[in-house]
Amino acid sequence: MSDQIETMINEVFEESFEIEKDQLKPEANIFEDLGLDSLDVVDLVVALQKKFKVEIRTDERIKEIRTLKDLCEFIKDLQAEGSH
Amino acid sequence: MRRVVITGTGSISALGNSMEELINSIEQQVCGTKKMETWDQYKGLQSLVGAPAKLPDFKIIPRKMRRSMGRMSLLATFAAIEALDSASILKDTISNDQRYGCVAGSTMGSAEALNDTFETMLPDHDLTLLKSMGFFQSISHTVSMNLAQYFSITGSVIATSAACASSLQALGTGFDLIRHNTQDVVLCGGAEELHPTVTGSFDILFATSVKYNDTPKKTPRPFDKDRDGLVCGEGAGIIVLEELEHAKNRGANILAEVKGYNTCGSGNHISHSDRKAMIQCMDSALIDAKVQPSEIDFVNAHATATLQGDTEEAAAIHSIFGPDTPVNSFKGYLGHTLGASGAIELAVIIEMMNNNIIYPTLNLDNVDKTCNMINHVTTKQNKNIGFILKNCFAFGGINASIILKKYEEINE
């Protein structure tokens, strides 16, 4: 499941932000390493909402996300919450 | 006042992605109009023709620069790259220098971006799936803003938004900025994109061509007795205006001199053309240029092939220039590129001036009797051209005219 989430997140970064596959490592910082800025984060949220069928626009936890691994953990947590 | 010259031109349109392709297509009498195959899905849309451009590989523009660009801003960026290249001005030169500016216009922001925004938001009245860039792509100053960002322009950045007069107003504004010593070099022009909502806006007013959906190369037909309205086109034109001494000091190839400009309102109707206001606009441009009507070697008309607009313009031109001054329109080649038309068409005129050629009005087979009081160019002519006057007239009663002079150093 985790691998699948990671793959889907990586697809978002490839499709929406034109990031090359080899840059998409779990420890990559989405701002410093992948070059996103605050405007990109708006689009990242939209893309994740579509990809995972979630509503996260006002979720405060997004502000703490720095790496792809953080993002993967966040989505996993969301899905766990949803399954309860 | 300081003198202002033109040192570079760039364009993208239905007739190609460079000035060379554009001029070659006009030489070969190519009409850029095509049948828009998917437009029959729109109930009530009568005009199924357009003059679309073919966008080059836009991925050469870095993503962060490109993300705020709708189609019209992409078109403008490619035209600007060509214009600066033809002016032999490096991107590094124009960047971060307060004496380099940018004035560019369009009718509105990207129609595609606006449409996407409403299609996303309206079905469920839900904003949560709106992307960050819809705003930047659809704002009224999207073209000038994006050019300024792409070239790191820190001088004047201005958007002129007056529908079909937008890019001629941009040129006039750039002319003023340089002659009044606010700027030394200004990228001027405009862009427009083809979209069913754009054609539809004219279509519901019965201003579009509707009889030639199956014979698209026969429309638009400026001044012709069988004209039936305009054909929307798309593209971008960017022209480099430069202060004369600045251009001479860097050894620039000077293409023409801007001598006069005027823009004025008709003030009496939002869509009816008004010959009195057109006359006022052309007269004022002549006064600004200190040029007599008899000195103008040809007039490039706005002439979009609407019934009333062409008639009013022909009467206005006749009133000032009489029956002998050659007159043409480029809409039969390019369609009506709206906010881009002034700059794209002026770029063609500069080529014509320097080659002493006047290209004919395409699709003008039988001059309409309401337009026959002026000297229509129906075949390619060779003529020494010293001065030209170009018109753009927009919905909203906005008029603009500009006067160029061939630049000949020996006489200066």
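**View 1. Helix 1 and helix 2 of chain A in the predicted model.** The axes of helix 1 (residues 2-17) of chain A and helix 2 (residues 38-52) of chain A come within 10 Å of each other and cross at roughly 130°. Because angles over 145 degrees would count as roughly antiparallel and those from 65 to 115 as roughly perpendicular, helix 1 of chain A is oblique to helix 2 of chain A. The crossing in which helix 1 of chain A passes helix 2 of chain A is right-handed.

**View 2. Residues in the contact of helix 1 with helix 2 of chain A.** On the side of helix 1 of chain A, the contact is made by Ile5(A), Met8(A), Ile9(A), Glu11(A), Val12(A), Phe13(A), Glu15(A), Ser16(A) and Phe17(A). Helix 2 of chain A contributes Asp40(A), Asp43(A), Leu44(A), Ala47(A), Leu48(A), Lys51(A) and Phe52(A). Sorted by class, the residues of this contact between helix 1 and helix 2 of chain A comprise ten nonpolar, one polar and five charged.

**View 3. Chain A as a whole.** Chain A has three helices and zero strands, and from the N terminus on its elements run α-α-α. The radius of gyration of chain A is 12 Å, close to the 12 Å that the globule rule gives for 84 residues, so chain A is as compact as a globular protein of that length. The C-alpha trace of chain A spans about 35 × 25 × 20 Å along its principal axes, and 43% of the 84 residues of chain A count as buried. Among contacts in chain A that link residues at least 6 apart in sequence, 52% join residues at least 24 apart.

**View 4. Helix 7 of chain B and the residue Ser152(B).** Helix 7 (residues 142-150) of chain B is mostly covered, with eight of its nine residues buried. The buried residues of helix 7 of chain B are Thr142(B), Val143(B), Ser144(B), Met145(B), Asn146(B), Leu147(B), Ala148(B) and Tyr150(B). Just after helix 7 of chain B, Ser152(B) takes a positive phi of about 50°.

**View 5. Asn382(B) in strand 13 of chain B.** Asn382(B) is found in strand 13 (residues 381-382) of chain B. With a relative accessible area of 68%, Asn382(B) is exposed, because the cut-off for that class is over 50%. When residues up to four places away in sequence are not counted, Asn382(B) touches Asn356(B) and Ile357(B). Asn382(B) and Met133(B) lie 249 residues apart in sequence and, C-alpha to C-alpha, 49 Å apart in space.

Methods:
Residues are numbered from 1 along each chain as its sequence is written. Chains are lettered from A and ligands numbered from 1 in the order in which they are written. This is a predicted model: local features need pLDDT of at least 70, side-chain atom pairs count only at pLDDT 80 or more; totals for chains, interfaces and linings use all residues. Side-chain values use heavy atoms; hydrogens and water are left out. Axes are lines fitted to C-alpha atoms, for helices over the stretch in contact, and angles run from 0 to 180 degrees between N-to-C directions. Helices (H or I, at least four residues) and strands (E, at least two) are DSSP runs, numbered from the N terminus. Angles under 35 degrees count as roughly parallel, over 145 as roughly antiparallel, 65 to 115 as roughly perpendicular and the rest as oblique. A crossing is left-handed if the near helix is turned anticlockwise from the far one by less than a right angle, and right-handed if clockwise. Contact means heavy atoms within 4.5 Å. Ala, Val, Leu, Ile, Met, Phe, Trp, Tyr, Cys and Pro count as nonpolar, Asp, Glu, Lys and Arg as charged, and the others, Gly among them, as polar. The radius of gyration is taken over C-alpha atoms; the globule rule is 2.2 Å times the number of residues to the power 0.38. Buried means under 20% relative accessible area, exposed over 50%, partly exposed in between (1.4 Å probe, protein chains only).
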